[in-house]
Amino acid sequence: MDLVSFARGPALEVALAVFCLGVVWRIVGFALLRIRRNFNEPRNSLVKAIIGGVIATGSRSWPHSEFTVRTGAGEALGYGYHIGLFIVILAFAPHIAFFGSLFGVTWPALPNSVITIFSVLTFTLLLAVLFRRVTHRVLRMLSNFDDYFSWFITTLVIVTGLMATAHIGGPYQTILGLHILSFDALLVWFPFGKLMHAFYIFPSRAINGTLLSRKGAAS
Amino acid sequence: MSRLGEIPIRIVSRTPAASTGTIGAGVTAILIEIATQLDRLADGGEPGAIDLRSLPMSPGDREQLLKALGPGEVTITLKGDGESTINETGIQGVWWSEYRDRGGELIAGFIEIAQVPAILPVEPDQLRRGAQQLRAGAAGAAQQPGN
Amino acid sequence: MAHYHDQPTIGEMLERHGVSRRTFIKYCTAMASALALPPLAGRAMAEQLRAALRPSVIYLSFQECTGCLESLIRSFSPSIENLIFDVISLDYDDTLMAAAGAQAEMARDKAMKDNYGKYVLVIDGSVPTGANGAYCALGGKSAVDILREAAKGAAAIVCVGTCSSFGGVPFADPNPTQAWPVSDIVSDKPIVNVSGCPPIPEVITGTLLQFISTGKVPDLDEYRRPKVFFGNTIHDRCYRRPFYDQGKFAKSFDDEGARNGWCLFELGCKGPTTYNACATTKWNGGTSFPIESGHPCLGCSEPNFWDKGSFYSALSAPRWGKAGEVSPGDVLKVVGGAAAVGAALGVASAGLSRLRQRHIEKSTTNNEAKES
Ligand code: SF4
């Protein structure tokens with residue numbers, strides 16, 4: 001079996017299974033956790049608290065006006081590469097063909113040239129993000145292996161993908177195989193590292209927001 | 001449906017017609033390439049050639065190219081295994097060669113930039129063989145009484 | 001080049017058959033053009049060939065369908081007549097030769113003896129090794145034995161077709177005859193693989209001619225294919241490439257995209273991973289090639305092309321399971337199964353942490369009670 005066949009065959013099958021298992025495990029485990037009982041008298045009704053939670057989900061996704069100057073650049077970087085990633089993942093024809101055969105639905109693609117531009121931009125932003133992480137003192141102290149590895153695996157998928165489309169670094173099959181294989185690795189790593197934020201980010205903001213608003217905090 | 005031409009096709013994009021008179025960018029590039037090779041030949045360089053097959057040309061482009069080069073004064077016909085023609089174009093030293101097989105099918109076409117098309121000159125050993133042949137013939141004739 | 005055996009050079013041979021130097025140059029030029037070599041390379045090749053000795057070629061067919069030979073005899077430039085009679089001395093080919101039976105075998109043995117160490121061995125078809133090689137036998141000898149014997153005295157081996165190069169269809173899972181490519185059986189001779197199912201005729205003759213004219217094995221890629229012909233993918237040279245780049249794809253064989261000649265990637269085109277000369281040399285004397293006729297590339301010049309799932313599923317599509325095809329149902333099975341296990345694990349881990357939480361709470365309340 002050659003590399004491509006292995007990568008999109010057994011390796012993908014296992015990776016997909018591990019991914020689902022891990023994601024469901026962590027979501028179910030998280031959802032069933034007991035929330036610490038609050039003995040204080042609630043400041044807000046449950047309905048109001050939930051509305052507060054929804055507001056918090058939105059407002060936490062935007063720089064707080066007081067800190068815009070300090071955190072704005074970082075958030076812009078973050079938004080930039082996330083949007084780039086979504087476009088490259090969802091609007092590139094071969095990726096759509098991939099999803100199509102997995103889920104049976106397809107959608108229109110963007111021209112390859114546009115995708116190439118976005119992936120190069122995304123790659124550049126990812127480099128900038130890494131640079132910021134290692135140069136920013138606080139951020140550096142907060143970072144652990146998980147942060148760097150999650151960055152590495154995401155970037156690896158992009159780099160191998162770019163190499164495959166640009167036909168550099170070796171025969172196309174090999175690079176394509178590496179690209180799919182690195183994606184398989186990403187799937188496996190996903191639920192167990194910080195990439196899991198994709199599933200956690202909004203629920204945790206909502207839950208925190210609701211709990212805080214129940215206590216009477218402004219959202 | 002037995003012939004290629006009978007299969008219905010729909011033309012998606014028409015290449016610009018030759019009749020527009022303006023020379024296409026592709027043809028201009030070939031003309032410039034020929035000019036460069038002529039210069040090189042004049043400066044004592046190697047003769048060159050441009051394979052017509054390697055150039056994706058529409059019939060219109062071809063017409064334009066032929067017209068731009070113009071008709072010349074030399075025509076050579078090769079009669080080995082099918083008739084092949086080499087025509088000098090209006091630009092001296094630029095030869096338009098079309099090689100055909102026994103069935104008259106075009107098997108190679110190119111523009112040659114040379115004093116004389118490379119296929120024409122005879123190699124020394126060939127000359128010697130010719131001389132031998134003639135001598136043998138002459139000797140044979142001499143031996144035959146009454147001739 | 002030295003004359004041994006008082007053998008005539010190819011040039012002299014040609015002359016004797018009334019093929020003039022110019023005619024030969026004509027064919028070699030056509031050949032070079034068909035192979036997208038520079039036009040002057042044809043003349044150089046013609047001169048080299050004329051000075052060379054006519055090599056003995058032994059063509060052995062094993063577990064094959066004769067498609068490769070069918071392809072070879074449709075070589076346009078040079079045509080097979082030119083090749084056989086002028087440039088090579090085809091001393092054995094059981095399909096093309098007039099002799100049959102013991103006579104044919106004798107001719108082969110004689111050619112092998114007379115030209116020991118100098119002949120070019122052309123192999124077509126895979127070599128079955130199961131049941132002691134009984135699946136393919138000629139004149140009472142098994143293909144494996146014949147190959148081993150013939151390989152001993154060969155100057156080089158040219159494998160024509162994907163079967164002899166990579167095992168081909170007989171090699172496909174579960175390989176009932178235990179067929180192997182030549183390179184798995186012979187290891188001490190230079191081997192050139194001219195893969196394809198079948199290979200392009202001009203590529204077969206081109207490889208032979210190049211070998212004869214230079215006397216050297218050409219530059220080979222990782223699969224021992226001559227780089228001149230297998231240096232680019234179909235995708236690299238495909239005239240539908242602009243559509244690929246624009247993201248315009250035919251989704252079925254009769255939709256608008258197919259009629260407009262859009263890229264066939266989604267219909268399963270293997271062009272991006274297939275190294276061959278189809279897009280440039282084309283077929284039937286340069287008439288067209290599969291993609292030009294509206295069919296995706298099958299990837300027939302690549303190893304295991306028959307075991308890579310459907311010809312019609314996109315290259316980037318995942319594949320696993322028996323048929324090598326993934327349906328949303330299969331995905332659901334894998335995903336569903338994994339999700340069920342994940343859910344169970346989730347319930348268990350939440351339960352565990354609840355227990356721990358309760359335990360901690362109990363001990364803290366106890367402590368608080370004690371303290372007060
Ligand atoms: S038809 Fe095939 S080879 Fe041609 S551009 Fe599309 S994918 Fe590439």
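Trainee: Why does B:Gln92 count as exposed?
Mentor: This is a predicted model, in which local features need pLDDT of at least 70, side-chain atom pairs count only at pLDDT 80 or more, and totals for chains, interfaces and linings use all residues. Residues are numbered from 1 along each chain as its sequence is written, chains are lettered from A and ligands numbered from 1 in the order in which they are written, and side-chain values use heavy atoms, with hydrogens and water left out. Exposed means over 50% relative accessible area, buried under 20%, and partly exposed in between (1.4 Å probe, protein chains only). B:Gln92 has 54% relative accessibility, so B:Gln92 counts as exposed.

Trainee: Where in chain B does B:Gln92 lie?
Mentor: B:Gln92 is in the loop between strand S3 (84–89) and strand S4 (94–100) of chain B. Strands (E, at least two residues) and helices (H or I, at least four) are DSSP runs, numbered from the N terminus.

Trainee: Which residues does B:Gln92 touch, not counting residues up to four places away in sequence?
Mentor: B:Leu38 and B:Glu73. Contact means heavy atoms within 4.5 Å.

Trainee: What makes the pair B:Gln92 and B:Glu73 a polar contact?
Mentor: A polar contact is a pair of N or O atoms within 3.5 Å; within protein, one must be able to donate a hydrogen and the other to accept it, and residues adjacent in sequence count only if both atoms are side-chain atoms. The side chains of B:Gln92 and B:Glu73 are joined at 3.4 Å, so the distance is within the 3.5 Å cut-off.

Trainee: Why is the link between C:Arg21 and B:Glu123 called a salt bridge?
Mentor: The term needs a side-chain nitrogen of Lys or Arg within 4 Å of a carboxyl oxygen of Asp or Glu. The closest N and O atoms of C:Arg21 and B:Glu123 are 3.5 Å apart, so the pair meets that cut-off. The count between chain C and chain B is one salt bridge.

Trainee: How many residues does each chain give to the contact?
Mentor: Chain C gives 25 residues and chain B gives 28 residues.

Trainee: What area is buried between chain C and chain B?
Mentor: About 2200 Å², with carbon and sulfur atoms giving 51%. Buried area is the accessible area (1.4 Å probe) that two parts lose on being put together, summed over both.
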